[in-house]
Amino acid sequence: MEWGNDSFHVEFILLGIFDHSPTHIFLFSLVLGIFTVAFMENTTMILIIYLDTQLHTPMYFLLSQLSFRDLMLICTTVPKMAINYLSGWKSISLKVCGTQIFFYVSLLGAECFLMAVMACDCYVAICHPLYTILMNQKLCTLLTVASWILGSFDGIIVLAAALSFSYCRSLEIHHFFCDVAALLPLSCKDTSAFERLLFICCVLMLILPVSVINVSYSHVLAVICMGSGESHYKAFTTCFSHLSVVGLCYGASMFMYMRPASNHTPNQDKMVSAFYTILTPMLNPLIYSLHNKEVSWGLKKLLGKGELI
């Protein structure tokens with residue numbers, strides 16, 4: 001069946017990641033549990049940073065932005081997946097599919113650029129004595145807005161290209177949400193040009209920020225290795241936390257979007273996407289707050305005041 005770009009009433013079928021076997025019911029329950037924990041963790045992190053005035057610094061402002069984007073990312077995919085699984089209604093309209101593509105790609109891109117901003121913040125904080133002057137609130141806000149704009153621009157390009165195709169094959173998407181990589185095999189047109197565009201977008205979205213991160217942390221680690229004491233240990237644990245999150249973010253993204261479409265398999269894509277969109281938003285707050293005394297004290301103060309209960 002072939003349909004044109006003006007036929008926005010056609011619906012895809014999301015095959016999902018789970019069936020109704022006992023094992024998959026357990027896994028679905030586990031995913032809902034992870035989603036709940038991730039939602040609570042990131043919401044709590046945002047509230048702690050917003051309500052505790054001692055955490056109103058560039059580093060924690062950027063951390064709250066990361067939590068906000070993780071919160072949006074997990075809410076973009078998991079609720080729709082859960083509704084489809086529980087109701088048995090697996091269809092998704094082209095408009096909703098396009099909305100998922102836009103938010104998923106935009107949030108992924110914005111988070112990648114935010115990681116580069118966080119690396120620069122860490123570099124300035126450790127390597128420059130004039131940190132409070134160089135990394136002021138205005139500059140921090142501008143860099144954050146820029147990361148949102150760049151991510152949204154990437155989302156618009158990918159969305160426009162994906163909606164320009166006609167789909168003449170099966171409308172069944174072998175995924176639990178509308179991912180552009182899962183849509184490409186359904187097109188009846190040659191998608192090689194789009195794959196090249198997607199690769200270029202990934203280079204800009206991944207390779208350039210990774211280069212900034214590598215340069216920043218190479219300087220930071222060089223400074224840390226020359227010193228000793230509690231301050232250098234704290235700086236090292238902070239950098240290790242940042243690099244752990246960077247590895248989770250960029251590793252999954254590169255695996256998904258910087259391989260030829262011919263190398264993709266539905267099961268592989270679903271597992272990697274589940275790791276990034278479901279598990280990573282739960283891990284990020286844990287990684288950043290596990291050795292962070294300021295966040296722990298902020299949580300204790302807020303719980304003591306009854307702000308979060």
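Predicted model: local features only at pLDDT ≥ 70, side-chain atom pairs only at ≥ 80, totals over all residues.
Helix H7 covers residues 192-225. It is 34 residues long. From its first C-alpha to its last, H7 reaches 47 Å. That is close to the 50 Å expected at 1.5 Å a residue.

## A nonpolar patch

Four residues make a nonpolar surface patch: Phe199, Ile200, Leu204 and Leu208. The patch has an area of about 380 Å².

Leu204 belongs to helix H7. How accessible is Leu204? Its relative accessibility is 45%. Partly exposed residues fall between the 20% limit for buried and the 50% limit for exposed. Leu204 therefore counts as partly exposed.

## The overall fold

The protein contains ten helices and three strands. Along the sequence, they follow the pattern β-α-α-β-α-α-α-β-α-α-α-α-α.

The protein has 309 residues. Of these, 47% count as buried.

## One disulfide

A disulfide is a covalent bond between the sulfur atoms of two cysteines. How many disulfides does a search of the whole structure find? It finds one. The partners are Cys97 and Cys178, with their sulfur atoms 1.9 Å apart.

Which parts does the pair tie together? Cys97 lies in helix H3, residues 94-127. Cys178 sits in the loop between strand E3 (172-173) and helix H6 (180-183). The pair therefore ties together parts that are 81 residues apart in sequence.

The bond also has a handedness. The torsion about the S-S bond of Cys97 and Cys178 is about -110°, so this disulfide is left-handed.

## Buried cysteines

Cys97 has 1% relative accessibility, so Cys97 is buried. Cys178 is also at 1%, so Cys178 is buried too.

Methods
Residues numbered from 1 in each chain as written. Heavy atoms only, no water. Disulfide = S-S within 2.5 Å. Helix = DSSP H or I, 4+ residues; strand = E, 2+ residues; numbered from the N terminus. Buried < 20%, exposed > 50% of the residue type's maximum accessible area, 1.4 Å probe, protein only. Patch = residues over 30% accessible without salt bridge, like charges linked within 9 Å, V, L, I, M, F, W, Y side chains within 5 Å. Areas by Shrake-Rupley, 256 points an atom, 1.4 Å probe, with all protein chains shown as cover. Salt bridge = Lys/Arg side-chain N within 4 Å of Asp/Glu carboxyl O. Expected span 1.5 Å × (residues − 1).
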